Each structure stands twice: as structure tokens, then as C-alpha cells.
Amino acid sequence: MTEIFESTGQALLYGVVGLVVMAVGFIALDLVTPGKLYHVVWTDRNRGAAVLLGSQSVAVGLVIMKAIEASESEQGLGYGLISTLLYGLAGVLVMTVVGIVIGVFTPGQMGAVVLDDQDSRPHPAAWVQAGMYLGTGFMVGAAIS
């Protein structure tokens with residue numbers, strides 16, 4: 001029974017680390033998109049912004065999952081939590097940089113184009129950028145494992 005409580009405590013700690021990384025990912029996405037992301041998604045109900053945020057959340061979750069798997073070591077829980085945090089933050093950084101670089105090579109300002117909902121549909125660029133986030137999450141996840 002003690003093992004169950006210990007494992008539950010570890011899961012909670014890894015969950016806190018994952019939450020921190022997701023919060024940093026949200027802030028990073030907010031910095032590279034026009035307007036306040038919270039307002040754009042929840043108040044303006046912008047579908048393009050929701051597609052981006054959702055895909056980024058899945059990608060960050062994938063990176064965190066792979067980081068937790070890779071953190072299993074004999075060096076202890078503290079090492080695992082720190083390595084998960086650092087791998088997760090590295091994933092957010094890579095996703096943000098990829099988004100910025102792709103934005104340089106696309107017509108118009110990528111963040112503004114992505115948020116351009118027409119006829120209650122997200123701009124196709126939102127789906128492209130969402131795919132980039134997911135692809136980057138898979139790349140970083142593979143590099144970790």
C-alpha cells in the first residue's frame with residue numbers, strides 16, 4: 001500500500017512540473033500571437049487561436065510524457081523532476097523558435113494570419129501551424145527518448 005501512495009505522490013509532482021511547462025508554453029504562444037491569447041480564445045472565441053493553443057498543448061504534453069519516461073533513473077525523484085522540467089522547457093523553446101522562423105518565410109505576419117477567422121472557420125494557416133507544433137513535439141520527444 002505504501003508503494004501506491006509513493007507513486008501517487010510522484011505522479012502529482014510530475015503533474016505540477018507539467019503544469020509549469022504548459023503555463024510557460026501558454027505565455028510563449030501569447031508572446032508570438034497578436035492580442036492577449038486568453039482574451040482571443042475565451043472572449044473573442046477565435047477558432048484559429050484555439051486550434052493553435054490546443055495543438056501546442058498536445059505537443060507540450062507529448063514532450064512532457066517523453067521527458068518523464070526518460071527521467072526514470074537511479075539518481076532519484078529530484079533528478080527526474082529537474083530533467084523533466086528542463087526537457088519540457090527546451091521543447092517549448094524549440095516550438096516557439098520554429099513558429100517564429102516559419103512566420104518569417106510566410107506572407108504577412110503569421111500570428112495575425114492564423115487568427116484571421118472567416119465565416120466562423122479558422123484560416124488554413126492555423127492548421128499548418130498546429131501541425132508544426134505537433135511535429136515539433138514529436139521531434140523533441142524522439143530526441144529525449
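Colleague: Hi! Which helix is G48 found in?

Modeller: Hello! G48 is found in helix α3, which covers residues 47-71. Keep in mind that this is a predicted model.

Colleague: Good to know. Is G48 buried or exposed?

Modeller: G48 counts as buried, because its relative accessibility is 0% and the cut-off for buried is under 20%.

Colleague: And which residues is G48 in contact with, if I leave aside its neighbours within four places in sequence?

Modeller: With those left aside, G48 is in contact with V114, L115, D117, P122 and A126.

Colleague: Let me step back a bit. How many helices and strands does the protein have?

Modeller: The count is six helices and zero strands. Read from the N terminus, the order is α-α-α-α-α-α.

Colleague: What does the C-alpha trace span along its principal axes?

Modeller: The C-alpha trace spans about 55 × 30 × 20 Å.

Colleague: What share of the residues counts as buried?

Modeller: That would be 37% of the 145 residues. As for the surface, the protein exposes about 8300 Å², and 68% of that is supplied by carbon and sulfur atoms.

Colleague: Back to contacts. Of those between residues at least 6 apart in sequence, what share joins residues at least 24 apart?

Modeller: For the protein as a whole, 73% of those contacts join residues at least 24 apart.

Colleague: I also work with charges a lot. How many positive and negative charges are there?

Modeller: There are 5 positive and 10 negative charges, and their mean positions lie 14 Å apart.

Colleague: Since α1 came up, is D30 buried or exposed?

Modeller: D30, which is found in helix α1, is buried because its relative accessible area is 14%. Not counting residues up to four places away in sequence, D30 touches G35, K36 and L37.

Colleague: What about V32, where is that?

Modeller: V32 has its place in helix α1 too. With a relative accessible area of 28%, V32 is partly exposed.

Colleague: How far apart are V32 and V101 in space?

Modeller: Their C-alpha atoms are 11 Å apart, while in sequence V32 and V101 are 69 residues apart.

Colleague: Let's go to I64. Where does that lie?

Modeller: I64 lies in helix α3, and at 8% relative accessibility I64 counts as buried.

Colleague: Which residues does I64 touch, not counting those up to four places away in sequence?

Modeller: I64 touches G18, V21, T84 and G88.

Colleague: How far is I64 from P124?

Modeller: The C-alpha atoms of I64 and P124 are separated by 28 Å, and the two residues are 60 residues apart along the chain.

Colleague: One last residue. What phi does R45 have?

Modeller: R45 has a positive phi of about 55°, although R45 is not a glycine.

Colleague: Where does R45 lie?

Modeller: R45 lies in the loop between α2 (37-43) and α3.

Colleague: And is R45 buried or exposed?

Modeller: R45 counts as exposed because its relative accessibility is 63%, and the cut-off for exposed is over 50%.

Colleague: Great, thanks for the tour!

Notes:
Residues numbered from 1 in each chain as written. Predicted model: local features only at pLDDT ≥ 70, side-chain atom pairs only at ≥ 80, totals over all residues. Heavy atoms only, no water. Helix = DSSP H or I, 4+ residues; strand = E, 2+ residues; numbered from the N terminus. Buried < 20%, exposed > 50% of the residue type's maximum accessible area, 1.4 Å probe, protein only. Contact = heavy atoms within 4.5 Å. Areas by Shrake-Rupley, 256 points an atom, 1.4 Å probe, with all protein chains shown as cover. Lys, Arg positive; Asp, Glu negative; His and termini not counted. Charge placed at Lys NZ, Arg CZ, Asp CG, Glu CD.
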